[in-house]
Amino acid sequence: MKIAFTSSGKTLEDALCPRFGRADRFLVYDLETSEFSLVENAQNLNAAQGAGIQAAQLVVNAGAKVLVTGHCGPKAFSVLKAGGVRVFHGENMSIADALEAWRNQSLVELHAADVDGHWV
Amino acid sequence: MKIAIASGKGGTGKTTLAVNLAALGEGAIVYADCDVEEPNGHLFLNPKITVSEEVGIPVPVVDPALCTACERCVEACRFNALACVADQVLVFSALCHGCGGCIAICPEGAMKEYPHPIGKVEKGARGELYFIQGTMKVGAAMSPPLIRAVKATVPPSDLEIYDAPPGTSCPVITTLKEMDYVVLVTEPTPFGLNDLRIAVETVREMGLPFGVVVNRSDVGDGRIRDYCRAEEIALLMELPEDRRIAETYSRGELIVEALPEYKQAFADLLDKICCSVKREEGVPGS
C-alpha cells in the first residue's frame with residue numbers, strides 16, 4: 001500500500017507540509033518496498049482556483065490509499081473519498097515521524113473536511 | 001451612447017453619480033446596475049419592478065452510462081472544476097465558469113448542460129427611465145455571467161448608464177467592455193489616488209475614452225488634480241463635501257431633485273461626456 005505525505009522537501013527527514021492543495025509536492029511512500037517517489041504539485045500551487053481538487057486527483061492517480069497532511073477542505077476531501085483515500089491529520093513533524101505515527105495508529109483520521117472551502 | 005460609471009476604490013460615489021445622471025438625461029434612458037454583488041441604485045431611483053428572471057450558467061452533468069472516464073474533460077477544464085476518480089467524473093459547479101469546453105471535448109457525448117442558478121435580472125421603470133439590475137445569489141462565486149446577462153437586457157437607447165462594481169477585476173472588465181465612455185469617480189485621498197491609478201491603467205489597456213470626477217473634492221488635498229494634470233486626464237467635475245448631499249443620500253433621494261442648485265453641474269458633466277464621445281467618433285482610430 002502507498003501513503004502520500006504533503007511535503008516542502010524531498011526526503012523523509014523534511015517536515016510534513018500543513019497545506020494540502022498548495023503543498024509543494026507529495027512524497028508517496030510504498031510500504032511494501034520501503035521506497036518513495038515524489039509527485040510535484042507545482043501546477044496546482046499556482047492555480048487560480050481548484051488547487052485542492054487537482055491535488056487530490058494527483059494523490060488518487062499516484063495510487064495512494066492513505067494521505068497524511070495538515071488540513072483538507074471539502075472539495076478535496078470529496079475527491080479523496082471518491083478515490084478511496086483515507087485522510088489522516090499530522091502537523092509539526094517530519095515525514096519519517098508521521099510515517100512512524102501512522103504505523104503506531106496514533107494519527108487522527110479525518111472523516112470530513114477540517115477547514116472551510118474557498119469560493120463558496 | 002453607453003457610459004459606465006466606475007472607480008478603483010469603493011464608496012467614492014459611483015451610484016450617486018450614476019443615478020443622478022440617469023434621472024437628468026432626456027430621451028430614452030436606461031440605468032443598468034452592474035454592481036450585482038450589492039446593487040443599490042434602486043434605493044435612489046425607486047423603480048417599479050415588473051419582470052424578474054433567473055440567470056444561470058450552464059454547468060455539465062455527466063451521464064455515467066456514456067462516460068468512459070477518458071479524462072479529456074478534466075484535462076480541458078482550466079478552472080479545475082472537474083476530477084476523475086474511480087472511473088467517475090466529479091463536477092464542482094461552484095468553480096465552473098460555464099465555458100462549455102468539457103461538453104465540446106467529450107468524445108462520447110456523455111456531458112450535458114444543466115443551468116446552475118447564479119442570480120436574477122430585474123427590469124422595471126421609474127417614469128420614463130428604464131431600470132435594470134442584477135442581483136447575485138448568496139453563495140454564488142462568479143458575477144461576470146450575471147453582468148453579461150444584465151448588459152444583454154439593455155435595449156438600444158439614447159443614453160445607457162452602467163453602474164459598475166468597484167475595483168478593476170473581472171466584474172469591472174465585463175461591465176466596461178463595449179462602453180463609449182468611462183467615468184472614474186474618486187476622492188482626493190491617498191487611497192483614492194492609489195486606486196484611481198490602477199483604474200486608469202485598466203481603462204487605458206482597454207482603449208476606452210475616460211475622464212475623472214472627484215467627489216468630496218474639498219476634503220484631502222490636491223493630489224488627484226495634480227495627477228490628472230500630469231497624466232493629461234480630463235477632470236470632468238468636482239463635487240464638494242456638502243452635508244446636504246450626505247443627508248440627501250441617506251434619505252435615498254436624488255441630488256438633482258432635492259438640491260436643484262447642483263443640477264447644472266450634473267448637466268454640464270453629461271454635456272462634457274457627450275462632446276467627448278462625439279469627438280472620439282469623429283476621429284477614426286483614436
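In which sense do β4(A) and strand β5 (residues 86–89) of chain A pair, and over how many bridges? I find them parallel, with four bridges; strands count as paired if DSSP finds at least two bridges between them. Thr69(A) stands opposite His89(A) in β5(A).

Ground rules for myself: this is a predicted model, where local features need pLDDT of at least 70, side-chain atom pairs count only at pLDDT 80 or more, and totals for chains, interfaces and linings use all residues. Residues are numbered from 1 along each chain as written, chains are lettered from A and ligands numbered from 1 in written order, and side-chain values use heavy atoms, leaving out hydrogens and water.

Next I looked at the other partner of β4(A). Strand β1 (residues 2–7) of chain A also pairs with β4(A) in the parallel sense, over four bridges. There, Lys2(A) sits opposite Ala64(A).

Is β4(A) enclosed or open? Five of the six residues of β4 (residues 64–69) are buried, so the strand is largely enclosed by the rest of the structure. Buried here means under 20% relative accessible area (1.4 Å probe, protein chains only).

Then I checked the disulfides, meaning pairs of cysteine sulfur atoms within 2.5 Å. Cys77(B) is in none, its nearest cysteine sulfur being that of Cys99(B), 6.5 Å away. Cys77(B) is buried at 17% relative accessible area.

Note on methods:
Buried < 20%, exposed > 50% of the residue type's maximum accessible area, 1.4 Å probe, protein only. Helix = DSSP H or I, 4+ residues; strand = E, 2+ residues; numbered from the N terminus.
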